[in-house]
Structure formats: C-alpha cells, structure tokens
Amino acid sequence: MTETGTGARTGDGLGTDWRAWQESWDRQQQWYLPDREERFRIMLDMVEAVVGTAPRVLDLACGTGSITDRLLQRFPDATSVGVDLDPALLTIAEGTFADDDRVTFVTADLKDPDWTAALPHDTYDAVLTATALHWLHSGPLATLYGQLAGLVRDGGVFMNADHMPDPATPRLNAAESALRHRRMDREKAEGVLDWKEWWQLAAQNPVLAGPTAKRFEIYGDHADGDMPSAEWHALTLREAGFSEARPVWASPADAVVLGLK
C-alpha cells in the first residue's frame with residue numbers, strides 16, 4: 001500500500017499483486033485472531049491424520065483462499081475447490097491461484113438450497129472452513145451441516161474453526177474479551193488495519209473497486225449470527241449424519257470442531 005502526503009494509505013500501490021493482497025488480508029485477520037495460524041495447523045494435522053496427504057478438499061466460504069494456500073504448501077498433492085459468494089475476495093483468490101491447476105473456485109450462495117449443484121465433485125475427503133460461518137444463525141447453519149454430511153465421503157472429515165463462546169461462562173467470556181480488546185487497542189495504535197479500513201483500501205483499488213461495491217450490495221455491513229457454542233456445533237453435526245464430532249482445539253473464545261463421517 002502506498003502512503004499519501006497526509007499519511008493515509010491507499011490500495012493503488014498493490015495493483016494486481018494478488019499475493020500482496022493475500023498477505024494484507026492475512027495481516028488484518030491476524031489482528032483479530034492472533035492464534036489463526038495455530039488453528040490452521042491443527043486443521044491440517046487432522047486432515048493428514050484422517051484422510052492422508054493427497055486429499056480433495058472443499059474450502060468452504062473460502063474468501064481469499066487462506067486455507068487453500070496453507071493446504072497446498074503442506075500437501076502439494078492435494079486439490080482444492082474454493083466456494084464463496086464475495087466477488088472481491090474471490091477476485092483475489094482467483095488471481096493468487098490463476099496458474100495452479102490444483103485449485104478451482106466456484107461462486108455460490110451457501111443460503112441457496114441448491115448451492116451444491118455448482119460444485120465440480122459430488123464428494124470430498126475434507127471440507128474446511130474458518131472464521132466464516134459465524135454470520136449464519138443456528139437454523140440455517142444446521143441446514144448447511146446437513147448438506148455437508150452429504151458432501152463429505154464416508155471416512156472423510158469436516159472442520160469449522162470459528163468464534164464459539166460458551167454461554168455457561170459469562171464472566172470468563174467478559175474477561176477474555178476485555179483482555180483481547182486491550183491487546184487489539186495497543187496494536188491498532190501502532191497502525192494495524194482493521195476490517196473496515198481494509199475494505200476501504202480495496203474500494204480505492206482500480207481493479208477491486210467494482211467487485212468491492214458489488215460485495216457490499218450483496219452483504220451490506222458486516223453482521224454476525226448467534227454464534228452457538230462448540231458443544232452445539234458437535235451435537236448438530238452428529239444429528240446431521242456425522243458419526244463422531246467434537247472440538248479438537250480451543251482457545252478461551254474460539255474452537256475447531258471436527259465432524260467425522
């Protein structure tokens with residue numbers, strides 16, 4: 001990103017350097033989620049443990065392709081299908097992986113009952129998603145889990161890494177939140193970009209301006225769903241048709257819940 005005379009940053013300097021945009025998105029997400037890379041590592045550990053090192057993966061609500069990027073670095077023989085509705089993040093993802101025939105991207109709305117029809121395969125060894133499904137309320141999320149049970153092959157795995165606070169521990173939740181926001185405030189004072197500022201930069205970029213405008217037409221301002229607990233996710237996955245489900249990693253506020261088909 002370039003610096004103007006007033007010290008304001010713009011997105012023009014990145015142009016179509018998609019790897020730079022990818023890294024910029026990762027830095028912004030890392031501010032909210034300092035253990036983000038640890039979550040990715042655990043997810044890939046469990047992929048290897050359950051389905052091996054050459055899986056066919058569905059990167060669900062893939063955004064810029066952060067999971068796909070780490071998947072292919074660790075497992076060169078893997079293949080990935082990324083699905084999302086966000087035209088700006090998909091532009092970055094498609095640009096980043098344009099020359100990689102292991103990767104396919106699909107535009108689809110996970111709220112559409114027929115979204116799976118857009119996918120190139122009927123089944124996947126693993127379906128992975130991170131920091132994406134919290135915008136769904138529990139009813140639509142339970143419906144989605146039922147659809148995913150039909151996409152994951154027998155013996156395959158689904159993992160969701162997201163914010164999953166436990167409603168039974170409100171004081172602990174408040175203490176964790178206060179500590180996290182103090183850390184974020186310190187880093188923000190040092191110039192870290194937040195989510196809103198990142199999107200402002202994308203809107204200034206000549207290539208991303210159009211997709212960014214369309215993105216906000218689709219989604220409006222950022223909104224969260226009701227964010228149920230990890231226990232709810234595990235129970236709902238079992239009810240959806242997964243034979244086993246439980247958290248395989250947790251921080252004070254987040255978790256990775258795994259469902260084994």
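How many of the five residues of strand β3 are buried? I put this to the structure first, keeping in mind that I am working with a predicted model. Strand β3, which spans residues 56-60, turns out to be mostly covered, with four of its five residues buried.

**Entry: partners of β3.** I then looked up the strands that pair with β3, and I took β4, residues 79-84, to begin with. β3 and β4 run parallel and are joined by five bridges, and within this pairing I find Asp59 opposite Gly82 of β4. I also followed the chain between these two strands, and I note that β3, helix α3 (residues 66-74) and β4 make up a β-α-β unit that is right-handed. Strand β6, residues 124-130, is likewise parallel to β3, and three bridges join the two; here I see Val57 standing opposite Ala126 of β6.

**Entry: α4 against α8.** For helix α4 (residues 87-96) and helix α8 (residues 209-219) I read an angle of about 135 degrees, with the axes 7 Å apart.

Which residues of α4 and α8 meet? From α4 I list Pro87, Ala88 and Thr91, and on the side of α8 they meet Pro211, Thr212, Lys214, Arg215 and Ile218.

Technical notes:
Residues are numbered from 1 along each chain as its sequence is written. This is a predicted model: local features need pLDDT of at least 70, side-chain atom pairs count only at pLDDT 80 or more; totals for chains, interfaces and linings use all residues. Side-chain values use heavy atoms; hydrogens and water are left out. Axes are lines fitted to C-alpha atoms, for helices over the stretch in contact, and angles run from 0 to 180 degrees between N-to-C directions. Contact means heavy atoms within 4.5 Å. Buried means under 20% relative accessible area, exposed over 50%, partly exposed in between (1.4 Å probe, protein chains only). Two strands pair if DSSP finds at least two bridges between them. A crossover is right-handed if, with the strands pointing away from the viewer, the path from the first strand over the helix to the second runs clockwise.
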